[in-house]
Amino acid sequence: MNWNIHLPALIIAVPLLGAFAAPLAGLGGKVTRNIWFVAVSIATVALSIMLWQHVQAEGVVVYVLGGESWNLTLPSGLSWPIRIILEVDAFSAFMAIVGSIAAMAGAFFSLRFMERFSGLDKFVSLYFLLMAGMLGMELTGDLFNFFVFLEIASVASFGLVAFWRDRPEAVEAGFKYMIVSTVAAMLVLIAVGFFYGRYNAVNMAAVARMMHFGYPEKIALVFLVTALAMKCGAVPMHMWTPDAYTEAPAGVTCLLVAVSQASLYGLFRVCFSLYGASLGSSVVPWTIIVLGVLSMFIGVTMAVIQKEIKRLMAYHSVSQIGYILLGLGVGLLALKDPQAMADYGFTAMKGGIYHLFNYTMYKGLLFLTAGALFYAAGSRNLNDLGGLARVMPHTAFMFVIAAAAIAGLPPFNGFVSKLLIYESTFAVYPVLAIAALVTSVLTLASFVKVFQTAFLGPAKSVFANVREVPATMLVGMSILTVVVIGLTLLPTWSLANLVEPAAKALVDQAGYISAVMGGGL
Amino acid sequence: MWSKVYTGFGYWDVYTWLIFFAIAAGLVLWLRSLGRKDYKEGTDQDEIFYGGNVVPEEGSEIQVPASSAYWGFTEALKGYYEVLVEMHSGDAREYVGYMVLTASVLAVLVLL
């Protein structure tokens, strides 16, 4: 039997096994635990690439958990699915690759970054639980299962954000994140309850097939959009982001960036695959566009005035999420009009999805460079740092690559995705593209400030003994640097093989439904 | 793999840009090679020109701190920043409040 059919389950099972076996690996000492940490991360990346290849070859892949057969989505005698079904299309497979690469880079970086601290078995367990939650959210085709994985990811991230529990700020950040996440999770659960009450089903394809856009569905939509927009850090619900991203250890922040994308994935899966053409008016697309513009502008203007490097980068995360919301929001706006979709909607979606990949890579890299500065110089305050490019040339080089990419400087990958967003959104309303351009200029200004204050300038005597960070931390940063450079040099290949199939899968609601339902209902 | 990225309104070709940067880098190196060859490392010629004054030994004395960067920009947008910073109070009740407010506004728009 071809074992590729089990890839959707394996890709979640491997990090879960990684989490539960981490304390056992820890019994073998530091080296065994580190080997386990890295090996499971690499295995997850390998599985995600295999899954993507499998989806490229086979189309939408389904996997029924606990059924008589892995592909028996509709049990005998029933016309709707009752078991948990993993449903992987090109968008899901794309997201799994993005998330697992960021997780692997964070794992390598954390090996030496975290070794000064105790409780590392728990750290590795939580890290893998967060990975499993993220991948589960991206691969499941079941709404209640999505909620469960969302909660797994949330609970693990509360622990990781507050991991440095001797720091009151970290505990406070974890607590605040827990409060807002719990409220959001309740909204998601109530929305799932609405669907279960109305349709006696929680499978996304089944609900999408039966969807009638009545009041319960509208309320469920409001709850899902609000909760998932909050989880990905959209303004005005972004307040937890600077706290959590700043206080989490750098490797974890890199993974949190990818996890926030899983929420964004959920938001668009709900809008495109669950509701799709039945969304009715253009209220929701415009809401997403407005949230995107607000996130871009408020995020970047808040970043400009920060003097704490990770906090500054966290506000940039909010800003970059705005670009993705804008691109995919314009795609959603054009969903019901084939002409508009052909003219600008699909380009906007490609821009949004490509930006999602680019953002996760360069933002993860930026957080790792901030962690490297903290590791080497012992400070995250830009007023204290300075002249570090001389003693940390590799970190400085990778920071410049990431900063140029996030600022959208040509020829870097950030420029390509932003160009697609600028030109397509200009066709809807020129002011949208102008807002995006202004945001890009302010992003550049902000990172020029970071580079000037942290890396340039005369050497400071307090940093006389500072040296470049250890090799494994450089490896973690290098992984993301290589991906950023690869996306820069091969934009056509990336768009044709990764982004376009993902965008097509997202707009193909019928394909998503029929993979589970066939001709049922 | 090597062709252009079409945006629907134009195109992007990374290799044209790389060729441009290579030419620009070549020009820069050529200009640099025209400079004086009698530069002596380790002498006064190495010293930073600091307006004719003695350069302070401690680097932090001559570096513009991050909190002073873009002072004019933030001063010009003072009113905007006052509102924005006040919004970011750090109070978890307000975090939840903004979420409830967003849900409420969206509910009104979707339900009506």
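Which residue forms a salt bridge with Asp121(A)? Arg33(A) does, and the closest N and O atoms are 3.3 Å apart. Look at where the two partners sit. Asp121(A) is in helix 4 of chain A, residues 120-139, and Arg33(A) is in helix 2, residues 30-58, so this pair ties together parts that lie 88 residues apart in sequence. Over all chains, the count comes to 16 salt bridges.

One caution before I go on. This is a predicted model.

Let's take chain A by domains. Domain 1 covers 1-279 + 490-521, and domain 2 covers 281-483. Note that domain 1 is written as two stretches of the chain. Between the C-alpha centres of these two domains of chain A there are 23 Å. Their contact involves 60 residues of domain 1 and 54 residues of domain 2.

How much area is buried between domain 1 and domain 2 of chain A? About 4900 Å², with carbon and sulfur atoms giving 81% of it. On the domain 1 side, three residues lose the most area to domain 2: Phe109(A), Val235(A) and Thr246(A). Together they make up 13% of what that side buries. Between these two domains of chain A, the count is three salt bridges.

Here is another salt bridge in chain A. The side chains of Glu500(A) and Lys350(A) meet, N to O, at 3.2 Å.

Now the backbone. Val235(A) is joined to Pro236(A) by a cis peptide bond, with omega about 5°. Where is Pro236(A)? In the loop between helix 8 (215-232) and helix 9 (240-247) of chain A.

There is a cis bond at a Pro-Pro step too. Pro410(A) to Pro411(A) is cis, and omega is near 10°. Pro411(A) is again a loop residue, placed between helix 14 (393-406) and helix 15 (413-428) of chain A.

One more backbone feature. Asn200(A) has a positive phi, near 60°, although Asn200(A) is not a glycine. Asn200(A) sits in the loop between helix 6 (168-199) and helix 7 (204-210) of chain A.

On to chain B. Chain B is divided into domain 1, residues 1-35, and domain 2, residues 74-112. Their C-alpha centres lie 43 Å apart.

So what happens where the chains meet? Chain B brings 47 residues to the contact, and chain A brings 65. The area buried between them is about 4800 Å², and carbon and sulfur atoms give 75% of that. Which three residues supply more of chain B's buried area than any other three? They are Gln63(B), Tyr95(B) and Met99(B), with 15% of what chain B buries against chain A. How many salt bridges cross this interface? Zero, by the rule used here.

Let's zoom in on one helix pair between the chains. Helix 11 of chain A, residues 283-304, meets helix 3 of chain B, residues 78-87. Their axes come within 11 Å and cross at roughly 100°. An angle of 65 to 115 degrees counts as roughly perpendicular, so helix 11 of chain A and helix 3 of chain B are roughly perpendicular to each other.

From chain A, the residues in this contact are Phe297(A), Ile298(A), Thr301(A), Met302(A) and Val304(A). From chain B, they are Tyr80(B), Tyr81(B) and Leu84(B). What classes do these residues fall into? Seven are nonpolar, one is polar and none is charged.

Domain 1 and domain 2 of chain A bury about 4900 Å² between them. Chain B and chain A bury about 4800 Å².

Terms used. Residues numbered from 1 in each chain as written. Chains lettered and ligands numbered in written order. Predicted model: local features only at pLDDT ≥ 70, side-chain atom pairs only at ≥ 80, totals over all residues. Heavy atoms only, no water. Axes fitted to C-alpha atoms, helices over the stretch in contact; angles between N-to-C directions. Helix = DSSP H or I, 4+ residues; strand = E, 2+ residues; numbered from the N terminus. Parallel < 35°, antiparallel > 145°, perpendicular 65-115°, else oblique. Contact = heavy atoms within 4.5 Å. Nonpolar A, V, L, I, M, F, W, Y, C, P; charged D, E, K, R; others polar. Domains from an automatic or database assignment. Buried area = accessible area lost by both parts, 1.4 Å probe. Salt bridge = Lys/Arg side-chain N within 4 Å of Asp/Glu carboxyl O.
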